[in-house]
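Here is a short report on one protein model. Keep the sequence and the structure in view as you read.

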Amino acid sequence: MTISQPTYRPANPAVAPIEEHAVDEPTQLHPLKASLLQKTLSSNLKPLIPNHELVFGKSFSDHMLLTAWDSKYGWHAPEIKPYGPLELEPSSVVFHYAFTCFEGMKAYKDKQGRIRLFRPDMNMKRMNHSAARLALPTFDGNEYIKCLKELLRTDSRWVPDERGYSLYLRPTLMGTEEVLGVRASNEALLFTICSPVGPYFSSGFNAVSLYANVHEVRAWPGGVGDAKLGANYAPTIKPAEEAAKHGCQQVLWLIGENHQLMEVGAMNIFVYWINKQGKPELVTPALNGTILPGVTRDSILSLARSWGEFEVKEGTITMGEISEASDEGRLLEVFGSGTAAIVSPVKHILYLGKDIHVPLDPKNPKSQAGPLTKRFNETIMAIQYGEVPHEWSVVID
Ligand SMILES: Cc1ncc(COP(=O)(O)O)c(C=O)c1O
């Protein structure tokens, strides 16, 4: 972080009038209100990056959205400002106790040039869940979506207009009080930055190999696996490096003595198999507090249930069952799901020295994804880019 510019402070509270509320009464704290949004435009717009040169999360648009909170006033007026450094004291709690949570969502441009969000209400719901878990302030998600829409109108030229490309939004909330006490932060900063991104797999699908990790766990019962906390991510890097040493691109997270599947890398996991009753079934780990409730996960489950063509189950899947299904030829497809890739097909799972082969498309040996994996990808993408009308796709007027 560059620590060079004036400290970010909330906009003049005069524009977010206290009105009749008493500031020191916790019940009267000011809610986050999009109607108070202020804008300072950048006078130095950056050149756009050609789509084929985009690297995930490396370049940022011209503006950012910032909203400060403190425990006496509540939410101050949201501000759109030129993208730039924040200045925080080294004593800010975020640097010491990981008071930070975030979201990942995307804006898409349709063929008519309109910008669309995909199920933003779900990201707001999850962010408020994460915030509450950190004793950070929550906010009205609908109001924040209005602010995000204005940010997108402001930076509309940064939303790529090619299918597969999008503008990734990174809402982040952090505790900023300058204090070393381990307690709730009396100050917080909610901000969103935007990064133009390309397709996860630039040349079509690229099926990955998973390293089933039997030593470290990503989350545990009573823990915070169901919240999108910054603290959940840094500890995943070393295991990912270990996976890479075994020639695998992703960690398959397991839990329990019977090695139940949890997630794959930073994605939810789906298994499509013929179950023991002989029926085709799509199964994903149930949301039991250890699994991040993915927006893509929910969308896949909902689509699969609406198709009604195979059984759809949220439950427990063990590595023993996967291994057995593979041995018996019942394993059909395995894929990860998440905003970055939509779906990420799996071709191998390395588990306790055994290389479990996962089929891709039996009809096309060259294909890097199974037919069901491809179908989910195509259906969700068509909704995101407004090619088929759907309530999940929210147009920004
Ligand atoms: C740990 C983890 N699991 C699952 C997901 C998928 O969630 P979503 O579909 O909302 O992107 C993500 C990405 O946000 C993640 O970080």
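R119 sits in the loop that joins β7 and α2. Helices (H or I, at least four residues) and strands (E, at least two) are DSSP runs, numbered from the N terminus. The model is a predicted one: local features need pLDDT of at least 70, side-chain atom pairs count only at pLDDT 80 or more, and totals for chains, interfaces and linings use all residues. Residue numbers start from 1 along each chain, following the sequence as written.

## Positive phi angles

The phi of R119 is near 50°, a positive value in a residue other than glycine. Most residues other than glycine have a negative phi. H259 also has a phi near 50°, again positive and again not in a glycine. H259 lies in the loop between β11 and β12 (260-264).

## Buried residues

What makes a residue buried or exposed? A residue is buried if 20 or more other C-beta atoms lie within 10 Å of its own, exposed if 12 or fewer, and partly exposed in between; the C-beta atoms are placed from the backbone.

| Residue | Other C-beta atoms within 10 Å |
|---|---|
| R119 | 21 |
| H259 | 21 |
| V208 | 21 |
| K228 | 25 |
| C101 | 27 |

K228 carries a record. For this position, an unreviewed UniProt entry lists "modified residue: N6-(pyridoxal phosphate)lysine". UniProt positions are given in the numbering used here, feature names are shortened, and annotations may be inferred rather than shown by experiment.

Where is K228 placed? K228 is in the loop between β10 (208-213) and α4 (237-245). K228 counts as buried because 25 other C-beta atoms lie within 10 Å. Two residues are in contact if their C-beta atoms, placed from the backbone, lie within 7 Å. Leaving aside neighbours within four places in sequence, K228 is in contact with C101, F102, E103, R126, S130 and L292.

C101 lies in strand β5. C101 and M127 are 26 residues apart along the chain, and their C-alpha atoms are separated by 7.2 Å.

## Two domains

The protein is divided into domain 1 (13-197) and domain 2 (208-384). These bounds come from an automatic or database domain assignment. The C-alpha centres of domain 1 and domain 2 lie 30 Å apart. The contact between them takes 19 residues from domain 1 and 12 residues from domain 2.

On the side of domain 1 that touches domain 2, β5 (100-102), β6 (105-109), β7 (115-118) and α2 (120-133) each supply at least two residues. Which element gives the most to this side? α2 does, with 6 residues. By class, this side of domain 1 has 8 nonpolar, 5 polar and 6 charged residues. Ala, Val, Leu, Ile, Met, Phe, Trp, Tyr, Cys and Pro count as nonpolar, Asp, Glu, Lys and Arg as charged, and the others, Gly among them, as polar.

V208 lies in strand β10. V208 is in contact with Q249, Q250, S344, V346 and K347, leaving aside neighbours within four places in sequence. V208 and I80 are 128 residues apart along the chain, and 39 Å separates their C-alpha atoms.

A residue is near a molecule if its C-beta atom, placed from the backbone, lies within 6 Å of it. There are 13 residues around the ligand, and A266, G294, T296, G338 and T339 come nearest. The elements that give two or more residues to this shell are β13 (267-274), α5 (295-307) and β16 (331-338). The largest share, 3 residues, comes from α5. The shell has 4 nonpolar, 7 polar and 2 charged residues.

## Helix α6

Helix α6 covers residues 319-327, and M319, E321, I322, A325 and S326 are buried. Why do the buried residues of α6 line one face of the helix? Seen down the axis, they fall within an arc of 160°, so they line one face. The arc is that of the directions from the helix axis to the C-beta atoms. On the other side of α6, G320 and D327 are exposed. The buried residues of α6 pack against β10, β11 (250-255), β13, β16, β17 (342-351) and β18 (354-357).
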